[in-house]
Amino acid sequence: MRSDTSQQIENLDEFYYVGYLYIGGLFEEIKVLWDTSSDLLMVESYLCDTCTSDFVYDYQDEAQMDDSFTPMPDSSSTFTVDSSSITVSGFYATDSICLEEYVVDTCTDDFTLFMVTEQEGILSDASAVVGLKPNTGGL
């Protein structure tokens with residue numbers, strides 16, 4: 001990955017920060033909420049009826065054109081994000097994640113993410129939450 005890549009981050013309401021990432025081989029733009037209370041990239045799936053963002057990731061459509069999305073077997077889970085009122089259900093998968101659209105050397109392949117199929121507490125119009133908390137184990 002390039003080290004000279006920058007990311008535009010916007011401060012909304014003096015409360016949270018949002019930016020953009022690109023997911024999958026088709027570089028689909030997703031608006032992300034930068035979060036310091038979790039250690040995962042959580043992406044709202046097209047299976048999520050309780051998600052509130054304008055965009056949900058339809059990896060089934062992506063899979064027809066690109067094989068970057070891979071669900072992890074037997075990885076269904078429900079958890080509450082530390083220090084918050086966010087509860088999510090879904091499953092783990094891997095996919096390509098990029099910092100810049102159509103710039104392959106800003107991407108990482110096989111990035112572990114959590115596909116959200118149900119959520120409570122994510123009030124932002126962002127379609128993903130990027131956890132910045134250090135991983136203390138697990139995936």
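1. Basis of the note. The structure is a predicted model, in which local features need pLDDT of at least 70 and side-chain atom pairs count only at pLDDT 80 or more, while totals for chains, interfaces and linings use all residues. Residues are numbered from 1 along each chain as its sequence is written, and side-chain values use heavy atoms, with hydrogens and water left out.

2. The largest core. A nonpolar core is a set of buried Ala, Val, Leu, Ile, Met, Phe, Trp, Tyr and Cys residues joined through side-chain atoms within 4.5 Å. Buried means under 20% relative accessible area, exposed over 50%, and partly exposed in between, with a 1.4 Å probe and protein chains only. The largest such core has 17 residues, and among these Val43, Leu113 and Met115 touch the most other members. Two or more residues each come from strands S2 (16-23), S3 (28-35), S4 (41-44), S7 (87-98), S8 (107-120) and S9 (128-131). Strands (E, at least two residues) are DSSP runs, as are helices (H or I, at least four), and both are numbered from the N terminus. In soluble globular proteins, nonpolar side chains tend to be buried together.

3. The second core. A separate core of 14 residues includes Val88, Val116, Ile122 and Val129.

4. Contacts of Leu113. Contact means heavy atoms within 4.5 Å. Residues up to four places away in sequence not being counted, Leu113 touches Ile23, Leu41, Val43, Phe91, Tyr92, Ala93, Asp95 and Ile97.

5. Thr94. Apart from neighbours within four places in sequence, Thr94 is in contact with Ser68, Phe69, Thr70, Met72, Asp110, Phe111 and Thr112.

6. Disulfides. A disulfide is a covalent bond between the sulfur atoms of two cysteines; here the criterion is a pair of cysteine sulfur atoms within 2.5 Å. The whole structure contains two disulfides. With the bonded cysteines of the protein chain numbered in sequence order, the pairing is 1-2, 3-4.

7. Cys48 and Cys51. The sulfur atoms of this pair are 2.0 Å apart, and the link is right-handed, with 95° about the S-S bond. Cys48 is buried at 9% relative accessible area, and Cys51 is buried at 15%.

8. Cys98 and Cys107. Here the S to S distance is 1.9 Å. The torsion about the S-S bond is about 105°, so this disulfide is right-handed. Cys98 is buried, with a relative accessible area of 1%, and Cys107 is buried at 16%.
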